Amino acid sequence: MAPLNSTKLDDPQVLVEEKLSARILTLNRPKQLNALSFQMISQLLDLFIAYEEDSNVKLVILKGKGRAFCAGGDVSAVVRDIGAGNWRLGANFFWKEFILNYIMATYPKPQVSILNGIVMGGGAGVSIHGRFRVATENSVFAMPETALGLFPDVGASYYLSRLPGFFGEYVGLTGTRLDGAEMLACGLATHFVPSERLSLLEEALCKVDSSDPAIISAVIDEYSQQPYMKEQSAYYRLNVIDRCFSRRTVEEIISSLEKEILNKEDDWISATLQSLKGASPTSLKISLRSIRQGRLQGVGQCLVREYRMVCHVMQGKLSRDFFEGCRAILLDKDKNPKWEPSKLEIVSDRMVDSYFSKVDDEGWEDLKFPARSNLHVYAIAKL
Amino acid sequence: MEQQITRRNQVLTNHLLVHGEPTLLSAAPPLSSNSCLSYSPPDLNEPFSFNPTDMRVYLDSHNIPDRDWLFGLITQSQLFNPKQRGHKVFFSPDYNQSMEQQREMTMKRIWYLLEKGVFQGWLTERNPDAELRKFALFEVVGIFDHSLAIKLGVHFFLWGGAIQFFGTKRHHDKWLRDTENYVVKGCFAMTELGHGSNVRGIETVTTYDSNTGEFVINTPCESAQKYWIGGAANHATHTIVFSQLNINGENQGVHALIAQIRDADGNVCPNIRIADCGHKIGLNGVDNGQIWFDNVRIPRENLLNSVADVSPDGQYLSAIKDRDQRFAAFLAPLTSGRITISASAIYASKIGLAIAIRYSLTRRAFSVTRNGREVLLLDYPSHQRRLLPLLAKTYAMSFAGNYLKQIYVKRTPESNKLIHVLSSAFKATFTWHNMRNLQECREACGGQGVKTENLVGHLKGEYDVQSTFEGDNNVLMQQVSKALLAEYIAAKKSNKPFKRFGLEHMNNPCPVIPSQLTSSTLRCSKFQTDAFFLRERDLLNRFSAEVSQFQAQGESKEYAFILSYQLAEDLGRAYSERELLQTFIQTEATVPAGSLKDVLALLRSMYALICLEEDAAFLRYGYLSMDNAAAVRKEVTKLCSELRPHALALVTSFGIPDAFLSPIAFNWIDANAWASV
């Protein structure tokens, strides 16, 4: 096993440690904030499938090297691939990523994710579906896709829609950032452990030698702490969030927020409005629909639907917002994307509908999951 | 030595056991438990040949994202009574609450939906899109609870609808927005203790006092008390009053007026008396009441004056001179109630079928071979025959309901009559079907169907009233036959072709049914429509002949009609089923070729053939020979076995979220395990 501080080029992107019946997997691209490359996803998928069969493995711990747990899928690589000619290369990336999300969501053995840093997009996808999510004072969670011309994918329509009230719509549409305390409060995290205790926790977990969630939970509990939630936390605004983000359409959400500040100033609402107005109108609409559908679907159905959606986005026939978003945010960094259509009113229901239909491209198929042995019918992620 | 011991043991064992029985003790340890029946989710064993999401588009037809939004709103609130059963959560009212508690919960749920903007545009927007959205959301509410839907239906469709349709601008401006925002809570006082379907016979009387410019409403006798008025017992602040209007001693017939019955604090207004209709066999979340009016004075402007008005000095003014015509013009637009009832009956049928079919794919009973595994209920041909034809009918009615909604939202003065006839026929047909369907589903679930939480049994009580309110089914069907007869007489008299109510087929030569019916003929839509055309045409001829015959014997036209009730009934059914088959075929035609279309063709054939099998008219009047009828019956069993593999996909396509079905539709072993109870 390579030393952790190695900087060789052929450094493995996922480090593997075997500790008795526990396996510690460390995402190892600290410079890229552990953004998931195709290679990482493939490796994680192979490891998870192998561990599922392996009776010597009882627990999988997933963490990130450096200041991030994982900042998402390696989108710039995907855009590069698509730029090179074939959007189906990009689609392959998501196919594999979503399969990994599904395997985790239906995993029979407990997965403990140590979220000591940035958890965004694809990073949430490889952690939130697992049984235990440990937040720390360094955790920063966000699903920032709407600002990128994408939508919350990786099964987010499943887990966001299961947050209290309409908090999920708020988090998914605005891309707002949550800290560890907020993650715990809304259920995205199952535990809060101060980062200084993480190494002790890890040590303890490696000694558990059990797959019993109750036992593992009790071990994490020993290191847990009740975090302090900042006063201006959005979580204290659940009333407003429920009132406004429960609305039927994005337009109605925005106008109800505007109504809230008609007579009194409110920085939080203004900021919320600002992020909504900066996001891609198409992204907002398909994201809202996706989360709404997700509320009524199993995690598998959610991923199948999101795969259709993401293929439409990659194909770029319906809208090129994703490429524009990547240009403005990731490449040119002018932070001034020109969305097309530019206004919510122009994005018709029919345009939104198209994102949910099958993709008309030769050989294209709906996402298909590998057969799962002993799959519980409710194949529920643990949220 | 060892051999000896073994032998000795065997001898002893044989002594202890009943002679001749196999040695049970040595065969299996006596106290080890049998392996328990395990629940195997049908979703894992029943592959789908088509995508249920695609099928749902044809069934729900419109506003699917809006429907899902509302399902989501409901599942995000504790008010909708989530209950954990096994690993699933179900949303259904607590029917074990007292009537009073259920009514309060209904009202609380309305406040919640109001706050979330569900009712936005229900009355203030008038365009086809807004109307379809309203229908869609209303249907979703009904899937959660019929009481909640009815409570909303009274407020929006009856009270709000009356103001929209019978009122003029001054009423619209004053009431519609306040109704949409529940500033006022409306009800609709038409039915009286002594008069229901016969609205023209109601006894409430209104006079005009030109000195004060007020109407004065009175309940002159006990049979004139308003009865079954939804919302009246507890919540409503205002009501539409249907009353005879007596101006200067002359009765101008039935009119509608607005009266306030409670103040803003909920206290009953002076000169109004209200009583509670009490506990019912269902819909206990709706507060039905009785109302008496004792010289209740209301301003002159409260007369809903779209067809007739009274001037300040007390002159009666109307463009329509004939009282009967005036009455008809008055009630004509109020068909939306029958349309929403039709649709909600179908959604209730879907709930029943989704539960019963899912259960029949997980519950086993009896083995066919000794020691063999017990057989899944739905693998019994008899069980298929019980449920799958009902499934086909429910599909047919879904498509027909969509067609009805479409022509309703695009209505013109010319289409009003068609909408009236069609909505009457469908309301009766669908609600009767629903009750039969629920009963069969209840029985198909065995004892589990009796548990309230499993819904199928309980829904019978909740939906029974549908065959009575907004027009008694039998009366509605008579109106259908009457309209067809009038059309028939008019066409014959003027010697012009039929061009209404889908009777155009009567202009063609009489269809001929082949004497030999092969499987492929039976499944051909041409044959199926021919058979339905033949029946309708012949029954209409017979009905007309019989009515004329009675008239020739000196009976009045009205009484002749009453005497011909058997043919009237048969004709009404023939009309309704023919319309259903045709809309099914139209829907099918919009589907691109593929497995989904193939399954629809199976369902359509099942629908057509089950109608042929069930209606004795086909044999009675010889549209089908006895051989033909036998061939039909045989084909039904074949269709059952061909539909069986699609059963789960077909009920999944209903798009009803799991949380709105019931525990026996899922892991019922889990839901009933000791750890769960």
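**Figure 1. B:R535 and B:D615 are both buried in this predicted model.** Buried stands for under 20% relative accessible area, exposed for over 50%, and partly exposed for the range in between (1.4 Å probe, protein chains only). The two residues form a salt bridge, with the closest N and O atoms 2.6 Å apart; the term requires a side-chain nitrogen of Lys or Arg within 4 Å of a carboxyl oxygen of Asp or Glu. B:R535 belongs to helix 17 (residues 525-552) of chain B and B:D615 to the loop between helix 20 (595-614) and helix 21 (617-620) of chain B, so the pair ties together parts 80 residues apart in sequence. Helices (H or I, at least four residues) and strands (E, at least two) are DSSP runs numbered from the N terminus. Residues are numbered from 1 along each chain as its sequence is written, and chains are lettered from A and ligands numbered from 1 in the order in which they are written. The model being predicted, local features need pLDDT of at least 70 and side-chain atom pairs count only at pLDDT 80 or more, while totals for chains, interfaces and linings use all residues; side-chain values use heavy atoms, leaving out hydrogens and water.

**Figure 2. A salt bridge joins the side chains of B:R604 and B:E588 (2.8 Å, N to O).** B:R604 lies in helix 20 of chain B and B:E588 in helix 19 (residues 565-589) of chain B, so this pair ties together parts 16 residues apart in sequence. Both B:R604 and B:E588 are buried. Elsewhere, B:R56, B:D60, B:R67, B:D68, B:E139 and B:K405 are joined into one network by salt bridges that share partners. Over all chains, the rule counts 63 salt bridges.

**Figure 3. The side chains of B:R133 and B:E125 form a salt bridge at 3.9 Å, N to O.** B:R133 is buried, its relative accessible area being 12%. B:E125, at 35%, is partly exposed.

**Figure 4. Chain B touches chain A through 24 of its residues, which are in contact with 22 residues of chain A.** Contact means heavy atoms within 4.5 Å. The two chains bury about 2000 Å² between them, 57% of it on carbon and sulfur atoms; buried area is the accessible area (1.4 Å probe) that two parts lose on being put together, summed over both. B:W69, B:Q76 and B:K116 supply 29% of the area that chain B buries against chain A, more than any other three residues.

**Figure 5. One salt bridge is found across the interface of chain B and chain A.** B:D66 and A:R248 meet there through their side chains (2.9 Å, N to O). Helix 5 of chain B gives the largest share, eight residues, of the side of chain B that touches chain A.

**Figure 6. In helix 15 (residues 321-331) of chain A, the buried residues are A:D321, A:F322, A:F323, A:E324, A:G325, A:C326 and A:A328.** They pack against helix 2 (75-83), helix 13 (281-294) and helix 14 (299-315) of chain A. Just after helix 15, A:K333 takes a positive phi of about 55°.

**Figure 7. Chain A has a mean pLDDT of 92, with 95% of its residues at 70 or more.** pLDDT is the predictor's confidence in each residue, from 0 to 100. Over residues 1-8 of chain A pLDDT stays under 50, and the model has seven contacts beyond four places in sequence for them. Residues 377-383 of chain A also stay under 50, with 29 such contacts.
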